[in-house]
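Welcome! Please take a moment to look at the sequence and the 3D structure together before reading on.

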Amino acid sequence: MTLTEPTLTPPMAPSPVDMGQIFAAHAERAARIDALRPGNKDRLFDGLKAAGITHVTVTFDGAGDSGQIESIGAWSGDTAVDFPTTEIEYAALTWDNPEVEVRQLSLEDVVEQLAYDFLCDTHGGWENNDGAWGEFCFDAAARCIHLEFNERFTSSELYTHDF
C-alpha cells in the first residue's frame, strides 16, 4: 500500500466580512426609507388636490436590462390636464450620505420618483430579462396608489413520448 498526500486544498480561512452586519445595515436603511414614504405621499396628494388633479396615471415598460417610465398623465375627472409648476418637498436617502436629504421637486417628478421606488420595492429587477410592463394610478381623492404589474417570462414545456 502506498501513502499519498491529500489532493484537496485546506479549507479557506473564515471571511473577515460580517454578512450579518451587512444585512442588518441594509434592513436599517430600508426601514429609514420606508419611514420617509408616508410624508412624501401626503405632500404629493396635498399638492395634487390643490392643483385640481384627481388622479395620475404612470405607464412603464422594460426588458433586456433596461426599463423606463413611458408616460405620466394628470387628470381632472375625465379631462387630461397639464401638471402645474408647483414644487413640493421630497425626502430621500442618498447612497453617499446617511442623512435625510430634502429636495424641492415638481409634482410630476415626485410621481415619477415614487413609481420607480415602488417598482424597486415590490418587483426588483422588473426591467431584467423578459421584463415587465404596467400602470400606476395615483388616486388623489382616495389618497392611494394602485399598481397593475405584468411580468413577461419565457416558458418551455417538455413532452416525452414512448411508442
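This is a predicted model: local features need pLDDT of at least 70, side-chain atom pairs count only at pLDDT 80 or more; totals for chains, interfaces and linings use all residues.

Residues are numbered from 1 along each chain as its sequence is written, and side-chain values use heavy atoms, with hydrogens and water left out.

Five strands make up an open sheet, in the order 3-2-1-6-7, with antiparallel pairing. Strand 3 (79–81) and strand 7 (144–151) are at the edges, and each has a single partner strand, so one side of each lacks a neighbour in the sheet. On average, neighbouring strands of this sheet are turned by 25° against each other, direction ignored. Helices and strands here are DSSP runs numbered from the N terminus (helices are H or I, at least four residues; strands are E, at least two), and two strands pair if DSSP finds at least two bridges between them.

Look for Trp-75: its bridge partner in strand 3 is Ala-80. Helix 2 (residues 107–123) packs on this sheet, where it touches strand 1 (55–63), strand 2, strand 6 (132–139) and strand 7. The direction of helix 2 makes about 130° with that of strand 2. Such angles run from 0 to 180 degrees between N-to-C directions, with axes fitted to C-alpha atoms, for helices over the stretch in contact.

Phe-136 has Leu-147 in strand 7 as its bridge partner. The two strands form a hairpin with four residues between them, and in the turn Arg-143 has a positive phi of about 55°. Keep Arg-143 in mind, as we will come back to this residue.

Another hairpin is made by strand 4 and strand 5, with two residues between them. Strand 4 (residues 87–94) and strand 5 (residues 97–106) run antiparallel, joined by eight bridges. Within this pair, Ala-91 stands opposite Val-102 in strand 5. Strand 4 is mostly covered, with six of its eight residues buried. Buried means under 20% relative accessible area, exposed over 50%, and partly exposed in between (1.4 Å probe, protein chains only).

Now for the charged side chains. Side chains of opposite charge can pair when their charged atoms come close. A salt bridge is counted when a side-chain nitrogen of Lys or Arg is within 4 Å of a carboxyl oxygen of Asp or Glu, and the whole structure has seven of them. Which residues pair with Arg-37? One is Asp-34, with the closest N and O atoms 3.9 Å apart; both residues lie in helix 1, three residues apart, about one turn of the helix. The other is Asp-121, whose closest N and O atoms are 2.4 Å apart from one another in this pair. Since Asp-121 lies in helix 2 and Arg-37 in helix 1, the pair ties together parts that are 84 residues apart in sequence. Arg-37 is buried, with a relative accessible area of 9%, whereas Asp-34 is partly exposed at 45% and Asp-121 is partly exposed at 44%.

Here Arg-143 returns: its side chain meets that of Asp-42 in a salt bridge (3.5 Å, N to O). Arg-143 is in the loop between strand 6 and strand 7 and Asp-42 is in helix 1, so this pair ties together parts 101 residues apart in sequence. Both are partly exposed, Arg-143 at 33% and Asp-42 at 40%.

Next, find Thr-54 in the loop between helix 1 and strand 1. Thr-54 is partly exposed, at 31% relative accessibility. Thr-54 and Ala-140 are 86 residues apart in sequence, yet 5.2 Å apart in space, C-alpha to C-alpha. Leaving aside neighbours within four places in sequence, the contacts of Thr-54 include Trp-75, Phe-138 and Ala-140; contact means heavy atoms within 4.5 Å.

Finally, visit helix 1 (residues 19–50), where Met-19 is found. Met-19 is partly exposed, at 43% relative accessibility.
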